[in-house]
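Open your viewer and get ready to select and colour as we go. Each stop tells you what to pick and what you will find there.

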Amino acid sequence: MSAWIERTAAEQAAALASGEVTSVELVQAHLDQIAATNGDLNAFLHVDASGALEQAAASDARRAAGEPLHELDGVPIAIKDVLATEGLPTTAGSKILEGWIPPYDGTVTARIKAAGLPILGKTNMDEFAMGSSNENSAYGAVRNPWNLDRIPGGSGGGSAAAVAAFQAPLAIGSDTGGSIRQPGAMTGTVGVKPTYGSVSRYGVIALANSLDQLGPCTRTVLDAALLQELIGGHDPMDSTSVPNPVEGLVAAAREGAAGDLSGLRVGVVKELQGDAWSADVVERFDESVSVLKDLGADVVEVSLPSFVHAMAAYYLILPAECSSNLAKFDAMRYGLRVTPEGSPSAEDVMRVSRDAGFGDEVKRRIIIGTYALSSGYYDAYYGQAQKIRTLIIDDFKRAFESVDVLVSPTAPSTAWPIGEKADDPLAMYLQDLATIPANLAGVPGISIPSGVSSADGLPTGIQFLAPVLEDARLYRVGAALEAALLDKWGGPIGPSSYTSKEA
Amino acid sequence: MPELSRDEVRHLADLARIDLSDAELDHLAPQLNVILESVASIQGVAGDDVVPTSHPIPMTNVFREDVVRPSLTPEQALSGAPEAEDDKFSVPRILGDEQ
């Protein structure tokens with residue numbers, strides 16, 4: 001195995017800058033790793049080897065010509081299959097979009113191309129990003145590089161597994177209720193959901209417009225900061241794009257890595273503790289919290305009482321929005337068209353095509369959403385859920401008057417066996433307890449590895465949340481904890497079968 | 001919360017233009033009731049004084065200037081169409097037999 005793939009994105013960028021390696025060599029090393037491991041992992045749905053090598057050669061030529069380059073120019077990246085990539089298949093993990101080739105780039109794709117990062121391919125995901133285990137992909141589950149019988153988390157299991165298994169140093173994810181952060185926790189990687197609206201959603205196949213946010217999946221906090229700075233910023237093509245820039249992320253990560261958190265007020269969320277949290281996750285969480293104290297942080301417990309209603313509100317708001325969003329998959333303009341026998345009408349074709357093209361979880365959520373929005377139930381369910389959203393936003397505002405960041409475990413347990421909750425939607429939904437409130441309120445969140453479970457040897461994650469537009473705080477505290485834990489562990493944690501001995 | 005009957009699930013699926021088979025109805029209807037039961041707890045949590053939130057970061061009337069700008073060509077726009085004819089999407093008949 002080439003040791004290049006085990007280097008962080010920042011290290012790969014530095015090696016490119018110093019002439020130690022070429023982008024073509026880096027891309028080839030990652031393509032080799034994908035070829036060797038993707039049969040087991042199923043993390044990539046589509047690999048664009050020739051395109052990535054061409055982009056790498058162009059990057060090397062730009063560098064040789066002395067052109068001004070973005071810091072990450074030439075460092076390869078993977079993109080979740082939820083984001084439109086011109087000329088590359090984009091399925092959102094659904095049969096209904098099998099074979100669709102977008103005629104345009106999403107804004108984040110365009111920014112990645114403009115910065116010169118070769119695109120390795122598209123990563124697997126739960127269908128339309130609905131799920132916490134990746135088992136809802138129409139193209140087969142992703143397997144966790146730490147243990148191939150375990151789920152990698154979802155919906156962005158492909159991006160997280162790709163980064164964990166050194167198939168890519170960087171990947172784009174999307175987070176609607178935890179789909180970047182929870183897979184990060186399940187695979188021992190870093191995942192960030194930026195402030196809502198700070199990264200353009202143009203070209204993202206929408207799940208729930210008021211909750212969706214693209215963000216970085218990486219192995220280090222610094223790499224995430226580099227990627228978020230690259231993809232973020234106002235976009236006139238997205239009417240929900242915030243005009244305020246989210247800046248200083250890389251600087252905050254570098255400052256945090258120095259390890260001084262004096263004066264930082266950290267609030268442990270009271271409502272994200274208790275019986276729902278497995279003992280091995282809590283053990284690693286408590287350990288991380290004491291490290292934060294050692295670094296000088298003031299740690300207190302804070303209560304956000306409306307969090308107890310977050311999951312119920314989310315599973316009404318999300319289905320309501322997605323039932324409306326997914327109406328566009330009507331077999332008329334793109335996507336799967338199944339024509340029944342006889343002389344069917346357009347509506348007959350829609351009914352049959354949507355039944356054939358959507359999986360169970362998508363159908364469940366569309367039906368729940370249709371119900372929640374129907375007259376007679378609207379006020380009792382959707383209207384109540386929107387009010388609870390207000391209460392949760394108020395809880396965050398109150399909490400952030402007394403603390404700078406909030407902290408909790410990212411997920412209640414480590415990665416579970418594939419199949420265990422596959423047909424139990426409620427058990428699956430409960431995995432998102434800690435991650436959902438951030439999406440409802442639009443605040444940013446980060447998950448970083450907190451260690452390895454003493455019970456099953458699988459990774460655990462810790463989550464920080466900050467006020468809207470204060471993403472830099474996440475990078476400061478995340479980098480500080482990461483540096484202290486790496487010191488304690490003697491190096492990064494990773495899936496042993498994917499790391500080389502010499503590294 | 002009232003329990004959803006099999007017929008109600010079929011009706012909701014029909015509103016959403018999904019032709020569920022009997023086997024799917026048998027499978028999905030009980031799961032939908034479990035989900036609805038779990039979200040029913042929110043009823044009555046927030047009173048009339050709480051303003052609903054539809055969007056986490058409030059913004060109003062985000063417009064662009066009304067000027068012509070580059071967009072997809074007809075070929076690009078039709079590139080994913082199941083059927084196309086004369087630069088248009090070709091679709092099955094849109095009126096029912098009785099119309």
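Two residues are in contact if their C-beta atoms, placed from the backbone, lie within 7 Å. Before selecting anything, know that this is a predicted model, in which local features need pLDDT of at least 70 and side-chain atom pairs count only at pLDDT 80 or more, while totals for chains, interfaces and linings use all residues. Residues are numbered from 1 along each chain as its sequence is written, and chains are lettered from A and ligands numbered from 1 in the order in which they are written.

**Stop 1: where the chains touch**

Colour chains A and B separately. How many residues of chain A are in contact with chain B? There are 57 of them, and they meet 45 residues of chain B. On the chain A side, the elements that give two or more residues are α10, α11 (346-357), α12, α13 (379-402) and α14 (425-429). Helices here are DSSP runs of H or I with at least four residues, strands are runs of E with at least two, and both are numbered from the N terminus. Select α13(A): this helix gives the most to that side, with 11 residues. By type, the chain A side divides into 33 nonpolar, 13 polar and 11 charged residues. In this count Ala, Val, Leu, Ile, Met, Phe, Trp, Tyr, Cys and Pro are nonpolar, Asp, Glu, Lys and Arg are charged, and the others, Gly among them, are polar.

**Stop 2: chain A as a whole**

The C-alpha trace spans about 65 × 55 × 45 Å along its principal axes. Of the 503 residues, 64% count as buried; a residue is buried if 20 or more other C-beta atoms lie within 10 Å of its own, exposed if 12 or fewer, and partly exposed in between, with C-beta atoms placed from the backbone.

**Stop 3: the core**

Select Ile77(A), Ala225(A), Ala313(A), Leu316(A) and Val405(A). Of the 177 residues in the largest nonpolar core, these touch the most other members. A nonpolar core is a set of buried Ala, Val, Leu, Ile, Met, Phe, Trp, Tyr and Cys residues joined through C-beta atoms within 7 Å. Helix α10 (residues 310-325) of chain A gives this core its largest share, 11 residues. Centre on Leu316(A): leaving aside neighbours within four places in sequence, its contacts are Ala372(A), Tyr381(A), Tyr382(A), Ala385(A) and Val39(B).

**Stop 4: chain B**

Switch to chain B, whose elements run α-α-α-β-β from the N terminus on. Its radius of gyration is 22 Å, well over the 13 Å that the globule rule gives for 99 residues, so chain B is more spread out than a compact globule. Of those 99 residues, 18% count as buried.

Finish on helix α1 (residues 6-15) of chain B, where Val9(B), Leu12(B) and Ala13(B) are buried. These residues fall within an arc of 100 degrees seen down the axis, so they line one face of α1(B). The arc is that of the directions from the helix axis to the C-beta atoms. What do they pack against? Their partners are α12 (360-372) of chain A and α2 (22-39) of chain B. Just after α1(B), Arg17(B) takes a positive phi of about 55 degrees.

Conventions
The radius of gyration is taken over C-alpha atoms; the globule rule is 2.2 Å times the number of residues to the power 0.38.
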